[in-house]
Amino acid sequence: MSDPIPSKQTRERSKAYPGCALEDCVRFVVMIKKALGRGTHDRESLARAMGHGTVSGAVSPKIAALVHFGLMERTGSGYELSSLSRSITDPLDEEERRKAIREAFALPTLYQEIIAKFEPDGKIPGQLAIHLKRFHGITDAASDQAAEIFISSGRYAGALDEFNNLTRSELHETKVVNETPAGSLAGETTQVLPPSTPPVQQLPALFNVRAQPL
């Protein structure tokens, strides 16, 4: 007797990744700040601020990408721009803005994994999409887009050159900041990780990053 055929196929789910390039996300936080200011905003308000009439399939990946890059934080009733986004929308100087963009690039969990994996070689391979499929939980359907967004975002942040080499002009000690409630800076402490920390757990030495809840 043959096995019964399942009535529904289980859809393969991809690991979370930014579905929108960092350059676009920087543009969105400027638009949101100008249209809505700071404070807590619902998805409908964010959609209109980003140029959409209402929440649609095109809006959700953009909002999620803003959270991935640490430019927006979830709150109990919506979303609010993060302290990191302030360094982009209202920087003290261009240096602060540039460093904030570079920090945002290194915040997504998937990007931390990629950078830690390929930092010893100093270069992102041309077969990044294949690595994402085989080793990082990205589905076949999403791998090309995820790879393209990573490369585009890395170049915009100055973390990758035109040949996808990881730039080493700003080597910093890695820092981890204790998480605090959304919108709060109180209680932040800095810890320098020891050299013996495994590379996947220790964030890449190329970047200063702060933990951001998704």
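A residue counts as buried when its relative accessible area is under 20%. By that criterion, 44% of the 214 residues of the protein are buried in this predicted model. The protein has eight helices and four strands, and from the N terminus on these elements follow the order α-α-α-β-β-α-α-α-α-α-β-β. Among the contacts in the protein with a separation of 6 or more, 61% join residues 24 or more positions apart.

**Helix H7 and its packing against H8**

- Helix H7 comprises residues 128-135 and helix H8 comprises residues 140-157; their axes come within 8 Å and cross at roughly 130 degrees. H7 is therefore oblique to H8.
- The crossing in which H7 passes H8 is right-handed.
- On the H7 side, the contact is made by Leu-128, Ala-129, Leu-132 and Lys-133. On the H8 side, Asp-140, Ser-143, Asp-144, Ala-146, Ala-147, Phe-150 and Ile-151 take part.
- By residue class, the contact of H7 with H8 divides into seven nonpolar, one polar and three charged residues.

**The buried side of H7**

- Leu-128, Ala-129, His-131 and Leu-132 are the buried residues in H7. Because they cover an arc of only 160 degrees around the axis, they lie on the same side of H7.
- These buried residues pack against two helices, H6 (109-118) and H8.
- Leu-128, Ala-129 and Leu-132 are buried in H7, and they also belong to the contact with H8.
- After H7 comes Gly-137, which has a positive phi near 75 degrees.

**Helix H6 against H8**

- The axes of H6 and H8 are 12 Å apart, and the two helices pack at an angle of about 75 degrees. H6 and H8 are therefore roughly perpendicular to each other, since angles of 65 to 115 degrees count as such.
- In this contact, Tyr-111, Ile-114 and Ile-115 of H6 meet Ile-149, Phe-150 and Ser-153 of H8.
- The residues of the contact of H6 with H8 divide into five nonpolar, one polar and no charged.
- Phe-150 of H8 takes part in the contact with H6 and also in the contact with H7.

- Ser-87 is placed in helix H4, which spans residues 83-89. With a relative accessible area of 15%, Ser-87 is buried.
- Neighbours within four places in sequence left aside, Ser-87 is in contact with Glu-96, Arg-97 and Ala-100.
- Arg-86 also has its place in helix H4. Its relative accessible area is 41%, so Arg-86 is partly exposed.
- Beyond its neighbours within four places in sequence, Arg-86 is in contact with Arg-38 and Pro-91.
- A distance of 8.9 Å separates the C-alpha atoms of Arg-86 and Arg-97, which are eleven residues apart along the chain.

**Strand E1: Arg-74**

- Arg-74 lies in strand E1, which covers residues 72-74. The relative accessible area of Arg-74 is 47%, which means that this residue is partly exposed.
- Arg-74 and Ala-64 are ten residues apart along the chain, and their C-alpha atoms are separated by 9.8 Å.

Methods. Residues numbered from 1 in each chain as written. Predicted model: local features only at pLDDT ≥ 70, side-chain atom pairs only at ≥ 80, totals over all residues. Heavy atoms only, no water. Axes fitted to C-alpha atoms, helices over the stretch in contact; angles between N-to-C directions. Parallel < 35°, antiparallel > 145°, perpendicular 65-115°, else oblique. Left-handed = near helix turned anticlockwise from the far one by under 90°. Contact = heavy atoms within 4.5 Å. Nonpolar A, V, L, I, M, F, W, Y, C, P; charged D, E, K, R; others polar. Buried < 20%, exposed > 50% of the residue type's maximum accessible area, 1.4 Å probe, protein only. Arc of directions from axis to C-beta.
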